[in-house]
Amino acid sequence: MTAVAAEVPVEINSPARDSSIIAPPPAGGPNGTSEGFSTHNILGDSFGAEREIVQTENDTTIASNSLLTDSGSAVTYPLAMQYPAANYRVADRGPSLEMEEQEQGVVDQGKFDFRRNRFPYSVVFQPLPPLTWLCPLIGHMGICDSQGRVHDFQGPYTVRVDTMMLGRATRYLPLDPHMVRANLLHGETVQQRWDRILEDGDADFSGKMHMIICQNCNHHVAKCLNLMEYCGISKRSCGGFGCFTMWFWMFFAGRFAGVRGFVTTIVPFVLAVGIYFVYWGSK
C-alpha cells in the first residue's frame, strides 16, 4: 500500500456543505457489506461544515486536513490518502446537499412554479393584447433572478421585481448560469454573479424613458444578457442580443407555462387568423 499526496483546490462558498468521502468496504468484507467501518469527525469550521475521516477495519484510511477561512475564499489543502486501488465516492447526505447546490447556483429545472410565477435563471414572456393576438412574437418580457423573481421594465424609469406587469408569465426560456462569461468577483458564486448583473441592468434601465419601439422591456432583457456575456455574446463581440433576437429566441425555443400559457398565448392568434379567413373568404 502506498501513500498518495495531492494538492486539491476547494472553494468554500456555502454554509451548508455536508458531504463526506466514503471508502469502499475492504475486499472480502463480511457479506460484501461495509460492516466494520467507523466514521470520526475531525474538523468543524466556522460555518458549521464538517470534514470526516473514514476508517476501515483493516486500517485503510482517507484523511484530510483543511485550512479554512471565514472569508469564503478558495483555499488549498493537502490530502494524504492511503487506500486500495478501488473507487470511492462522495455520498449524498440528504437535503443539505440540495441547499449547497442552490447556494452554488446549480439550476434545478424542476423548481419552476407557474402559480407563484417563479422561473429561476429564465427569460419570461406574457401576451400584450392586442399585439400578441396579431403577432405572437410580440409581448411583454422579463428576466428572472436566481430565486425565480421576475425583473421587468414596465414604464418610464420603472423596473419592478416580482410584480410582472400583466400578471403571470405564459412562456419561459430556461438559461444556464454557467454559460455566463462575465468575470466572477472575488469570493462570488455563480448565483451571486447572475443576481449582481441583473441588478446592474435594472439600475441602467431605471434611469431610462420607456419607448414603445426602441427602448422597451425586450431591450432591458437583452441588456442584462449582454452584460452577462451569455454564451460569450456581448455588444463588443458580435453586436450582442437585441429586441428581435429575444422575440425569435422566445418564440422558437421558449416553453409554455402549462396549458394556461399555451391557451392565452396562441389561441387568440389562431382565432384571429380563423376569423380573418372566414370573414374575407366569404366575400
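Trp280 counts as partly exposed because its relative accessibility is 47%, where partly exposed lies between buried (under 20% relative accessible area) and exposed (over 50%), with a 1.4 Å probe and protein chains only. The model is predicted, so that local features need pLDDT of at least 70 and side-chain atom pairs count only at pLDDT 80 or more, while totals for chains, interfaces and linings use all residues. Residues are numbered from 1 along each chain as its sequence is written, and side-chain values use heavy atoms, with hydrogens and water left out.

Trp280 lies in helix H7, residues 258-281; helices (H or I, at least four residues) and strands (E, at least two) are DSSP runs, numbered from the N terminus. Together with Leu271, Ile275, Tyr276, Phe277 and Tyr279, Trp280 makes a nonpolar surface patch of about 730 Å². Patches are made of residues with over 30% relative accessible area and no salt bridge, nonpolar side chains (Val, Leu, Ile, Met, Phe, Trp, Tyr) being joined within 5 Å and like charges within 9 Å. A salt bridge is a side-chain nitrogen of Lys or Arg within 4 Å of a carboxyl oxygen of Asp or Glu. Accessible areas come from the Shrake-Rupley method with a 1.4 Å probe, and for residues only the protein chains shown count as cover.

Leu137 is found in the loop between helix H2 (131-134) and E9, and is buried, with a relative accessible area of 16%. Not counting residues up to four places away in sequence, Leu137 touches Phe125, Trp247, Phe248 and Phe251, contact meaning heavy atoms within 4.5 Å.

The disulfide count comes to 0, a disulfide being a pair of cysteine sulfur atoms within 2.5 Å. The closest cysteine sulfur to that of Cys214 is in Cys243, 10.0 Å away and therefore too far for a bond. Cys214 counts as partly exposed at 48% relative accessibility, and Cys135 counts as partly exposed at 28%.
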